Amino acid sequence: MAPTIPGFGLRRIRVDEDVELNVAVGGSGAPVVLLHGFPQTHLMWRHVAADLAADHTVICPDLRGYGASDKPREDGPDTYAKRTMARDTVRLARALGHERFALAGHDRGALVAFRAGLDHPDAVTHLACLDVLPTLDMWEALRGTTAAVGFHLYLMAQPPGLPETLIGASPDAFFAHFLDLWANDPAALPADVRAAYLAACRGAVPSIVADYRASAGIDVEHDTADRARGSRLTMPVSVLQQDWGAALGYEAAALWGAWAADLHHSTVSCGHFMAEEAPGDIARALRDLMAR
């Protein structure tokens with residue numbers, strides 16, 4: 001039996017023409033939306049969501065193209081643009097009765113959350129981004145041999161066909177590589193959850209590639225335009241990261257500070273999957289953010 005978040009119910013919510021999101025909802029109180037990263041599903045939030053549900057309505061969707069959510073065919077750059085996925089998030093919250101909500105994202109979900117904060121400042125009250133840089137800054141930070149750590153970004157940036165074929169030839173080996181490499185505490189990803197992640201990714205290779213492809217194209221265009229306009233996040237922002245900057249030669253707090261006027265940046269002593277490896281720390285950080 002597939003794992004679930006205890007006490008949460010699953011629903012399907014239409015957010016676009018022919019696109020429904022699979023979403024776990026639990027708790028009551030002020031709403032907070034939690035967006036998962038790669039190569040995961042909404043289950044990555046299972047510990048944090050159960051904690052926050054004591055006094056919040058917690059909404060955990062699978063992003064479009066991931067998990068049990070719909071996976072529209074990539075018929076143009078907008079299909080998996082973070083702007084489109086941010087709009088999905090706002091529509092999802094609205095469909096559940098929430099015009100305003102706190103928003104947290106990890107990895108890919110953090111890129112969606114970042115775009116939602118820029119595009120929908122009236123809807124996003126507080127914003128948390130876990131272990132990621134904004135898309136434009138990420139590409140600028142990767143250079144030389146240190147960029148090898150992000151080989152998958154370059155692979156999935158290629159035109160349709162090649163990356164889907166290569167990854168589809170051995171999807172479990174590809175996605176398991178990241179689950180193994182990025183977890184400092186393998187026990188944080190128990191066998192049933194790991195199996196659920198691999199099964200979900202195995203069935204979503206084209207849409208996952210399309211999500212990453214967008215981040216090498218239209219998402220860069222959107223970030224570049226916002227940087228040129230001087231756009232900034234106007235809500236309280238918390239960023240929690242590993243110390244990638246020490247290895248890749250950038251100052252993460254400074255890069256994020258250019259986008260956020262009210263920023264709290266901190267490093268976390270765990271692996272990339274911080275909501276699973278250090279759930280108590282992440283839940284406390286989100287509560288602190290929402291109290292600001």
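## Residues with positive phi

D18 is exposed, with a relative accessible area of 61%; exposed means over 50%, buried under 20% and partly exposed in between, for a 1.4 Å probe and protein chains only. D18 sits in the loop between β1 (9-16) and β2 (19-27), and its phi is near 65°, a positive value in a residue other than glycine. This is a predicted model in which local features need pLDDT of at least 70, side-chain atom pairs count only at pLDDT 80 or more, and totals for chains, interfaces and linings use all residues. Residues are numbered from 1 along each chain as its sequence is written, and side-chain values use heavy atoms, with hydrogens and water left out.

D107 also has a positive phi, near 60°. D107 is buried, at a relative accessible area of 9%, and belongs to the loop between β5 (101-106) and α3. Helices (H or I, at least four residues) and strands (E, at least two) are DSSP runs, numbered from the N terminus.

## Cis peptide bond

F38 and P39 are joined by a cis peptide bond, with omega about 0°. P39 lies in the loop between β3 (30-35) and α1 (46-52). Most residues other than glycine have a negative phi, and most peptide bonds are trans.

## Surroundings of L255

L255, in helix α12 (residues 252-257), is partly exposed, with a relative accessible area of 24%. Apart from neighbours within four places in sequence, L255 is in contact with L133, D137 and Y250; contact means heavy atoms within 4.5 Å. L133 is 122 residues from L255 along the chain, and their C-alpha atoms are separated by 7.9 Å.
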